[in-house]
Amino acid sequence: TAEIDYKGVGENTLSFGSSGTLLFNFLDSVSNIQFDATDESGFSKMSGTGLTTTRFTNPGQELRVEWGSTNFNATFQSLDNNFNPTTGITVPGNSGNDTIRVASLGTGFQGTLSIQGGAGSDSVLFEGDSRMGSLTIEAETIQQSAGQMTVSGTSTLNNNGSSAAIQLTQANNNFNTVVVTASQSAVSLTDSGNLVLGGSSIGGN
């Protein structure tokens, strides 16, 4: 596991063996993180307020993104097309009101995207074409504004008892099995294939 605390570092490239977990633990002074592809295969990059753009080797097992107690904003705008850690991407969340946006995880990603909002009022917003092997989301707001979501395995969605409707309704979405916990809200899903609804608890319509 490579663990890096970023605080005012200069522009750099982070290279390491590609077999393990890469953990980014952002300080409270860092915000508006964006993950992108680079012009070199095998590398992705991140940038943000309080953080100089940094390229990093695609991890082999897991990309893990953590931060402190402040309200946190991060966007997965794009990732290298060879980005495909075997476990996937894990965002465990913290106590602030956090917003995670997903536009693209790269065309090669087949792992699990797991976003746990934690305490606070958190949002996970899908804003582009995203493909993944499985999906686990716990956040008060779970919505989609653009693009096509393709999940080959199970999608587990939990809005933590929020009254905000879960809305993943763009045309050509392709889910497999979906398990929903939304005890106080409605749920709207659009699927272009054969959707299997697992054991779910839904309070709205």
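Author: The dialogue below goes from the overall fold to aromatic rings, charged pairs and backbone angles. The model is predicted, so local features need pLDDT of at least 70 and side-chain atom pairs count only at pLDDT 80 or more, whereas totals for chains, interfaces and linings use all residues. Residues are numbered from 1 along each chain as its sequence is written, and side-chain values use heavy atoms, with hydrogens and water left out.

Reader: How many helices and strands does the protein chain have?

Author: Helices (H or I, at least four residues) and strands (E, at least two) are DSSP runs, numbered from the N terminus. The protein chain has 22 strands and zero helices. Its radius of gyration is 17 Å, close to the 17 Å that the globule rule gives for 205 residues, so the chain is as compact as a globular protein of that length. That radius is taken over C-alpha atoms, and the globule rule is 2.2 Å times the number of residues to the power 0.38. Along the principal axes, the C-alpha atoms fill a box of roughly 50 × 30 × 25 Å.

Reader: What share of the residues in the protein chain is buried?

Author: Buried means under 20% relative accessible area, exposed over 50%, and partly exposed in between (1.4 Å probe, protein chains only). Of the 205 residues in the protein chain, 44% are buried. For contacts (heavy atoms within 4.5 Å), residues 24 or more positions apart account for 46% of those with a separation of 6 or more.

Reader: Which residues form one aromatic cluster?

Author: The cluster is formed by Phe 24, Phe 26, Phe 35, Phe 56, Trp 67, Phe 72 and Phe 76.

Reader: How are charged side chains read, and how many salt bridges does a search of the whole structure find?

Author: Side chains of opposite charge can pair when their charged atoms come close. A salt bridge is a side-chain nitrogen of Lys or Arg within 4 Å of a carboxyl oxygen of Asp or Glu. The search of the whole structure finds four salt bridges. One of them joins the side chains of Glu 40 and Arg 55 (2.8 Å, N to O). This pair links distant parts of the chain, 15 residues apart: Glu 40 is in the loop between E4 and strand E5 (43–49), and Arg 55 is in strand E6 (residues 51–57). Glu 40 is partly exposed, with a relative accessible area of 34%, and Arg 55 is partly exposed at 23%.

Reader: Over which ring does the charged end of Arg 55 sit?

Author: A charge sits over a ring if NZ of Lys or CZ of Arg is within 6 Å of the ring centre and within 35 degrees of the ring normal. The charged end of Arg 55 sits over the ring of Phe 43, 4.6 Å from its centre.

Reader: Which residues do salt bridges with shared partners join into one network?

Author: Arg 64 meets Glu 62 in a salt bridge (3.7 Å, N to O) and Glu 66 in another (2.6 Å, N to O). Glu 62 is buried, at a relative accessible area of 11%, whereas Arg 64 is partly exposed at 24% and Glu 66 is partly exposed at 22%. Through their shared partners, these salt bridges join Glu 62, Arg 64 and Glu 66 into one network.

Reader: What is the phi of Asn 32, and where is Asn 172 placed?

Author: Most residues other than glycine have a negative phi, and most peptide bonds are trans. Asn 32 has a positive phi of about 50 degrees although it is not a glycine. Asn 32 is found in strand E4 and is partly exposed, with a relative accessible area of 44%. Asn 172 also has a positive phi, near 75 degrees. Asn 172 is placed in the loop between strand E18 (166–168) and strand E19 (177–182), and is partly exposed at 49%.

Technical notes:
Phe/Tyr/Trp six-rings, centres within 6.5 Å; stacked < 30°, edge-to-face > 60°.
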